[in-house]
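Biologist: Could we go through this model together, beginning with the open spaces and then turning to the sheets?
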Amino acid sequence: MNDKTNVARILDNLGVSYLTHTYDASAENGVEVARLVGLDCNKVFKTLVTVGKSGKFYVFAIPVCGELDLKKAAKAAGEKSIDMLKQKDLLATTGYIHGGCSPIGMKKKFPTFFHNSLGGLDTVVFSAGKKGFQVELAVGDLYKALNYRLEDLVAQR
């Protein structure tokens, strides 16, 4: 990656090995991103920022081919209800723009939850903090960079 993102700098500082994947930043969704980088959509995760009824913010990372179940998310966070953060508020809240939001390196540390399918993977891929860039690292190294919990978060199809 020519321009180091905040995510890459954090991983470098922690001594965490990672790979970067680049793609056409005009990709319209996470499934297309997974296709463009040649990976299974269950291994590529999207980062979703939410706000609970209490006003607290929460981060959820789920496979790009899944849909966040807001009731499951609220239960995981101990909230009565949860709504998606409005896109216009994303940059001010996280420091990231839509399509480049990473669970690592946000302005503040928010409670973070990954879908429990992460437990069955060797590596995980998610945004490197900039459109057109994904980062892949060992699931075992993710805890070095981020405190998170595994939860059932995806809506049943």
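Biologist: How much space lies in the largest pocket?
Modeller: In this predicted model, the largest pocket holds about 630 Å³ of space.

Biologist: How is such space found at all?
Modeller: A probe the size of a water molecule is rolled over the atoms, and this shows where empty space is left.

Biologist: Which residues are the closest to the centre of the largest pocket?
Modeller: They are Lys-46, Thr-47, His-98, Gly-99 and Gly-100, out of 27 residues that line the pocket.

Biologist: Which element gives the most to that lining?
Modeller: Strand β2 gives the most, with 5 residues. At least two residues each come from α2 (30-36), β2 (45-52) and α4 (87-94).

Biologist: How do the residues of this lining divide into nonpolar, polar and charged?
Modeller: There are 14 nonpolar, 9 polar and 4 charged residues in the lining of the largest pocket.

Biologist: And what is the volume of the second largest pocket?
Modeller: Its volume is about 260 Å³. The second largest pocket is lined by 15 residues, and those nearest its centre are Pro-103, Lys-109, Ala-145, Leu-146 and Asn-147.

Biologist: Where does the largest share of that lining come from?
Modeller: Helix α5 (residues 139-145) supplies the largest share, which is 3 residues. By type, the lining of the second largest pocket has 9 nonpolar, 3 polar and 3 charged residues.

Biologist: Let us change topic to the sheets. What holds strands together in general?
Modeller: Strands of a sheet pair through backbone hydrogen bonds, and the pairing is either parallel or antiparallel.

Biologist: What is the order of the open sheet of 5 strands?
Modeller: The order is β4-β2-β3-β5-β8, and the pairing is mixed. Strands β4 (82-84) and β8 (149-151) are the edge strands, each pairing on one side only. On average, neighbouring strands of this sheet are turned by 35 degrees against each other, direction ignored.

Biologist: Which strands does helix α3 lie across?
Modeller: Helix α3 (residues 70-77) lies across β3, β4, β5 (112-115) and β8. The helix runs at about 120 degrees to β4.

Biologist: What about the sheet of 3 strands?
Modeller: That sheet is also open, with the order β1-β7-β6 and antiparallel pairing. Strands β1 (19-22) and β6 (123-127) each have a single partner strand, so one side of each has no neighbour in the sheet. Neighbouring strands here are turned by 25 degrees against each other on average, direction ignored.

Biologist: Over how many bridges do β6 and β7 pair?
Modeller: Strand β6 pairs with β7 (residues 133-138) over 5 bridges, in the antiparallel sense. Ser-127 stands opposite Gln-134 in β7.

Biologist: One last topic, disulfides. Which cysteines form one?
Modeller: Cys-41 and Cys-65 form a disulfide, with their sulfur atoms 2.5 Å apart. The count comes to 1 disulfide.

Biologist: Is that disulfide right-handed or left-handed, and why?
Modeller: The torsion about the S-S bond of Cys-41 and Cys-65 is about 85 degrees, so the disulfide is right-handed.

Biologist: Which parts does the pair tie together?
Modeller: Cys-41 lies in the loop between α2 and β2, and Cys-65 lies in the loop between β3 and α3, so the pair ties together parts 24 residues apart in sequence.

Key: Residues are numbered from 1 along each chain as its sequence is written. This is a predicted model: local features need pLDDT of at least 70, side-chain atom pairs count only at pLDDT 80 or more; totals for chains, interfaces and linings use all residues. Side-chain values use heavy atoms; hydrogens and water are left out. Two strands pair if DSSP finds at least two bridges between them. Helices (H or I, at least four residues) and strands (E, at least two) are DSSP runs, numbered from the N terminus. Axes are lines fitted to C-alpha atoms, for helices over the stretch in contact, and angles run from 0 to 180 degrees between N-to-C directions. On a 1 Å grid over the protein atoms alone, a cavity is a set of points where a 1.4 Å probe fits but cannot get out, and a pocket is an open set with protein on both sides within 12 Å along at least five of seven lines; lining residues have an atom within 4 Å of a point. Grid points are joined across faces, edges and corners, and a volume is the space filled by probe spheres set on the points. Ala, Val, Leu, Ile, Met, Phe, Trp, Tyr, Cys and Pro count as nonpolar, Asp, Glu, Lys and Arg as charged, and the others, Gly among them, as polar. Contact means heavy atoms within 4.5 Å. A disulfide is a pair of cysteine sulfur atoms within 2.5 Å.
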